Structures are given as structure tokens and as C-alpha cells.
Amino acid sequence: MAATLIGVFFVSIFELNAVCLRYIESSKEAVAAIAAVQDRSEVLRNSAFSDLTTSSYVQGLLANPANASDYTQRMTEIVQLSAYPTPSTPNGVTQFTRHTDGTVSQDSTATDLGTTLVKVSISQSWTAVLGARSRSESTTLIIANGTKK
Amino acid sequence: MKRITRAEQSGFTLAETLIATGISTVILAALITASIAMQKSLNAVDNYFATHMQQVRIIDYLNRDVKRAFSVVSTTTPQQTITITVPNYLIQAGDPEAIANPQLVNTPRDPTITNTATGPQVNYSPPAGASTTTVVYSIVNNTSIQRTENGVVTIIASSTDQLLPTMTDTELDLSNTEFTKTTVTFLPIFTSGNSAAERSGTTVFATSYLRNKRRG
């Protein structure tokens, strides 16, 4: 009985320590996701409007991860673009997915992204180390044509 | 009357006592060692998160200043110092607006918009006086990172974990820095010997574009 109790005690200690380490790792993943979304939005926001509305340009941009973090490269990134405020019909959204292996696929193509304003949604999703939960971080921004200062 | 025998009166032998004491000592030593290790581990986790939050704060400060900057210059010797020149968005004491109305000090200035051949230009400079402010980030004694703006010093991060921000100015087709890439690392207090790997494992990344350099 005593031996069992002691065994349980030590196993608990090691597990608690392991949970702490996984907690740190999960926190780092979350911060990396926030940074990745911000970094990607900075690059897209800075692009010329004509580039932003050109599928091949955005697809080429997504070939590189948002930043050099190892965590970012293990995330699935989805970028959606649509004309703002009224998406085009019949297809309103151009969507790209950057997979964890680094390949980029174009999932859909908007009929028209317009010439004045475009809505950009960026999402990073991953499976957290702590509890293997599905996590995602996303943002949406409106980017205007013209000299942006 | 029952007669008490020697067997019923007997206790533990010396050997039994010594063995029991030895086992107890080993178990107690293990418990104490485990408790100390746990305490150290919790302390390390607490410290890690505290420094991690400071990393985020440094990135936040730097990004805010870079985004509103005209230019960014960084030096790497002896330690990195980052000098950021920003327009005087706020009315300062001594500016014509402040002389006319002292209550306007530290309030945002209404920009002037001028139509030029290449499009409208927005100007935040005061009608007269200093048109820019210099913000300097520097590392102090390897333990803290300070931000100086107009002589006002703000300690934005302070830790014994050797926080180290590194910024790279990147030039594309413009003559000055167009965007910056920043990493902030620290050395956790709880390392397993390979400090370089331990430090790189804490890296937080950021990219920031200078809004005043952006194209159409």
C-alpha cells in the first residue's frame, strides 16, 4: 500500500511537470500564431492593390511562411479575399490554403475583386500540444486602393 | 491468570529497525528532492511566462513606433541600438499651436493635405519648429530594455533572463528602410546546458512596414 502511494506520488509529480512543459509549448504556439497573422497582414496590407487582386501574386506570396518561426511552419494558413462591401456574384471569395507541408492551393476564385476595396481574412490553425485541441487565430482587414500612407 | 511469554513482549530487532530507518530515510530524501525540484520547476515556468510577456511587450512597442516612422536605423555594436525617427504627430510645448493655446500640448495635430502631381500628400509637421521626434531603443546592463523619446526614458522590459531584441532594417527599391524584421529572444533560467538552443527556442518574430513608405 505504502509503495503504491509513493509510486502514485512520483508519477503525479512527473506528469505535473510534463503538463507544465506542454502548457509552455501551447502558449508559445498561441503567441506564434498571433505573430504569424500580424506578419501576414502587414505584408498583404503593404502590397500594391493590383498585386493583391492577382491570384498568382498572392499564391506566390503564400509560398513562404508568414515568418521564420518553427511553429508557423506547422500551421495551416487560409487567406480569403473578397470585394468590399459587396462580394462579387456568383463566386465572391478567392481562397488560398497554405498547408503544413508548404504547398499552397487555390480553393476558390472570386468572379471579381473590384478596384477600390478588398476584404482580407487571414487564419492560422493548428493542433495544440496541450490536450491536442484544435486552435485557430484569425483577423480580417479592409485594404483600399491608392497611395496608402 | 494468563502467563505473559517472552515472545509477546518482544519488539523489533536492531536489524529490523536499521532497515526500516534506512528505507524511511531514502523515501524522505526522495520526497524532499522531488519537492525542491517541483518548486524549481514552478519557479522556472513562472519566470518563463513573465519574460515571455515582456517579449510580446517589446514587439508591441517596436511595431507601434516602426509603423509610424519615417526611418529606422539600427547599430549592432556594442549592443543593438535602434533609432526611429517619427513625425511629430502630437503638439509639443513650444510649437506655434501650443503657444497659441497651451491646452493643446500632447493632443494630435490636424495634418495638412497638399495636392501634388503624384497625389495628395499628408503632412503632420508643425508650421514651425521640430518636425520629427527621435525614439531610441537600447539595452541597459544586459538586464533591461529602455525606450527614450524626447529625453523621456521608459523601461519597457526588465528581466534577469537576458532579453535580447534584434531588428533588421530591410530595404527594397526605396532608399530608406521599408520594413523591419524583429526577433526577441531570452535565456531561460532553467537550461539543460545548450544555451544557444535554449535561447533560439524562445524566439518571437515580428514584421512591420513603415506606413510612411508604403506604396499604392
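Q: Where is the place of A:Pro85 in chain A?
A: A:Pro85 is placed in the loop that lies between β1 and β2 of chain A. Strands (E, at least two residues) and helices (H or I, at least four) are DSSP runs, numbered from the N terminus. The model is a predicted one, in which local features need pLDDT of at least 70 and side-chain atom pairs count only at pLDDT 80 or more, while totals for chains, interfaces and linings use all residues. Residues are numbered from 1 along each chain as its sequence is written, chains are lettered from A and ligands numbered from 1 in the order in which they are written, and side-chain values use heavy atoms, leaving out hydrogens and water.

Q: Which residue does a cis peptide bond join to A:Pro85?
A: The partner is A:Tyr84, and omega of this cis bond is about 5°. A further cis peptide bond runs from A:Thr89 to A:Pro90, with omega near 0°. A:Pro90, too, belongs to the loop between β1 and β2 of chain A.

Q: What is the phi of A:Ala132, a residue other than glycine?
A: Phi of A:Ala132 is near 50°, which is a positive value. This residue sits in the loop between β4 and β5 of chain A.

Q: In what order do the five strands of the open sheet in chain A stand?
A: Two strands count as paired if DSSP finds at least two bridges between them. In chain A the order is β3-β2-β1-β4-β5, and the pairing is antiparallel. β3 (104–108) and β5 (134–144) each have a single partner strand, so one side of each edge strand is left without a neighbour in the sheet. On average, neighbouring strands of this sheet are turned by 15° against each other, direction ignored. Such angles run from 0 to 180 degrees between N-to-C directions, with axes fitted to C-alpha atoms, for helices over the stretch in contact.

Q: How many bridges join β1 of chain A to β4 of chain A?
A: Eight bridges join β1 (residues 76–83) to the antiparallel β4 (residues 117–127). As one instance, A:Ile78 has A:Ser123 of β4(A) opposite. Helix α1 (residues 2–46) of chain A packs on this sheet, where it touches β1, β2 (94–98), β4 and β5 (contact: heavy atoms within 4.5 Å). The direction of α1 makes about 155° with that of β4(A). Helix α3 (residues 55–62) of chain A also packs on the sheet, touching β1, β2 and β3, and its direction makes about 20° with that of β2(A).

Q: Which strands are at the edges of the sheet in chain B?
A: The open sheet of chain B has five strands in the order β1-β2-β5-β6-β7, with antiparallel pairing. Its edge strands are β1 (71–75) and β7 (152–158), each pairing on one side only. From one strand to the next, the twist averages 20°. β1(B) is joined by five bridges to the antiparallel β2 (residues 81–87) of chain B, and B:Ser74 has B:Ile82 in β2(B) as its bridge partner. Across β1, β2, β5 (132–140), β6 (144–149) and β7 of chain B lies α2(B), at about 140° to β7(B).

Q: At what angle do the axes of α1(A) and α2(B) cross?
A: The axes of α1(A) and helix α2 (residues 14–67) of chain B cross at roughly 5° and come within 10 Å. This makes α1(A) roughly parallel to α2(B); angles under 35 degrees count as roughly parallel, over 145 as roughly antiparallel, 65 to 115 as roughly perpendicular and the rest as oblique. A:Ser27 of α1(A) is in contact with B:Phe49 and B:His52, leaving aside its neighbours within four places in sequence.

Q: How many residues of chain A are in contact with chain B?
A: Contact involves 28 residues of chain A and 26 residues of chain B. Buried area is the accessible area (1.4 Å probe) that two parts lose on being put together, summed over both. Between chain A and chain B it is about 2,600 Å², of which carbon and sulfur atoms give 62%.

Q: How many salt bridges does the rule find across the interface of chain A and chain B?
A: Side chains of opposite charge can pair when their charged atoms come close. The rule asks for a side-chain nitrogen of Lys or Arg within 4 Å of a carboxyl oxygen of Asp or Glu. One salt bridge is found across this interface. B:Lys67 pairs with A:Glu42 in a salt bridge whose closest N and O atoms are 4.0 Å apart. Over all chains, the search finds ten salt bridges. Among them is that of A:Glu77 with A:Arg40, the closest N and O atoms being 2.7 Å apart. A:Glu77 lies in β1 and A:Arg40 in α1 of chain A, so this pair ties together parts that are 37 residues apart in sequence.
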